[in-house]
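Dear colleague,

Please find below the structure I am handing over to you, together with its sequence.

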Amino acid sequence: MDVVEAIRTRRSIRKFKQCALDSNQVQAFKDAVRWAPSAHNLESRKFYFVFDQTKVKDLCAVTLNKFEPVMPLVVVACADCRRTGSLDKYAIMDVAASVENLLLAVHGLGLGAVWVGAFDAGEARKILKIPDGFEPLVLVPIGMPTDPRRAGSRKRKRWKSPDGEKKWK
Ligand SMILES: Cc1cc2nc3c(=O)[nH]c(=O)nc-3n(C[C@H](O)[C@H](O)[C@H](O)COP(=O)(O)O)c2cc1C
């Protein structure tokens, strides 16, 4: 799947069935988060790849969605505030860039994932023993979609030319 098709066809997947991940897939996910752009190339981000099924269950339980814990992997994306000095916009953007890369890589490999911002970061910190200086921002459950055609619909705003567009031409 080329990258434009992946961008166009990716959907948030919230219902999973259990599946095995091979080492090539896991490596692709690690590459996806590592090779995202980064402000000042500081890489002010850190990722926990959680395969332990007890922890997967505990992490699902602290999401607002209360995801059914039937996925082989949950990635917890943290800002590395030690590198930026604080939870500044660049640390947040670094994490966001990696998360989008991850979602596209997952989709490109025929699996599903969802960007989860609504979770109890304090509880996630306890579950994973995340040290001070790292701020859990996004949780990404990854697995096999129950419906590969993807449940639910998606709307997008229509593209309207901003006034400025004419001036820039
Ligand atoms: C910053 C951010 C936070 C999100 N948090 C959640 C969340 O907590 N739970 C959830 O089910 N989806 C979450 N989503 C996914 C959005 O609901 C989803 O991307 C949106 O509905 C568009 O659907 P699509 O991803 O299928 O295009 C989040 C997305 C973003 C970008």
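A residue is called buried here if 20 or more other C-beta atoms lie within 10 Å of its own, exposed if 12 or fewer, and partly exposed in between. By that criterion strand 3 is mostly covered, with 7 of its 8 residues buried. Please bear in mind throughout that this is a predicted model.

**Strands**

Strand 5, residues 134–145, is largely enclosed by the rest of the structure, because 11 of its 12 residues are buried. Several other strands pair with strand 5. Strand 3, which covers residues 73–80, runs antiparallel to strand 5 and is joined to it by 8 bridges. Within that pairing, V76 has L139 of strand 5 as its bridge partner. Strand 1, residues 16–17, is also antiparallel to strand 5, with 2 bridges between them; here F16 is partnered by P145. Strand 4, residues 112–113, pairs with strand 5 in the antiparallel sense as well, over 2 bridges, and A113 stands opposite I142.

Strand 3 has a further pairing, with strand 2. These two strands are antiparallel and share 6 bridges, and V50 is found opposite V74 of strand 3.

**C78 and I130**

I130 counts as partly exposed, because it has 18 C-beta neighbours inside 10 Å. Apart from neighbours within four places in sequence, I130 is in contact with C78, R125 and P136.

**Helix 3 and helix 6**

How are helix 3 and helix 6 oriented relative to each other? Helix 3 (residues 53–61) packs against helix 6 (residues 121–128) at an angle of about 170°, and their axes are 9 Å apart. Angles over 145 degrees count as roughly antiparallel, and the two helices are therefore roughly antiparallel to each other. On the side of helix 3 the contact involves K55, D58 and L59, which meet A124, I127 and L128 of helix 6. By class, the residues of this contact comprise 4 nonpolar and 2 charged, with no polar residue.

**Loop residues and backbone angles**

E43 belongs to the loop between helix 2 and strand 2, whereas K129 belongs to the loop between helix 6 and strand 5. E43 has 16 C-beta neighbours inside 10 Å and so counts as partly exposed. K129 has 7 such neighbours inside 10 Å and so counts as exposed.

N41 is likewise placed in the loop between helix 2 (23–34) and strand 2 (45–50). Is N41 buried or exposed? With 8 other C-beta atoms within 10 Å, N41 is exposed. N41 and K157 are 116 residues apart in sequence, and their C-alpha atoms are 32 Å apart in space.

**Ligand surroundings**

Finally, the model includes a ligand, which is surrounded by R11, S12, R14, L64, N65, V114, W115, V116, G117, A118 and R154. The shell around the ligand has 5 nonpolar, 3 polar and 3 charged residues.

With kind regards

Definitions and conventions:
Residues numbered from 1 in each chain as written. Predicted model: local features only at pLDDT ≥ 70, side-chain atom pairs only at ≥ 80, totals over all residues. Near = placed C-beta within 6 Å. Nonpolar A, V, L, I, M, F, W, Y, C, P; charged D, E, K, R; others polar. Helix = DSSP H or I, 4+ residues; strand = E, 2+ residues; numbered from the N terminus. Pairing = 2+ DSSP bridges. Axes fitted to C-alpha atoms, helices over the stretch in contact; angles between N-to-C directions. Parallel < 35°, antiparallel > 145°, perpendicular 65-115°, else oblique. Contact = placed C-beta atoms within 7 Å.
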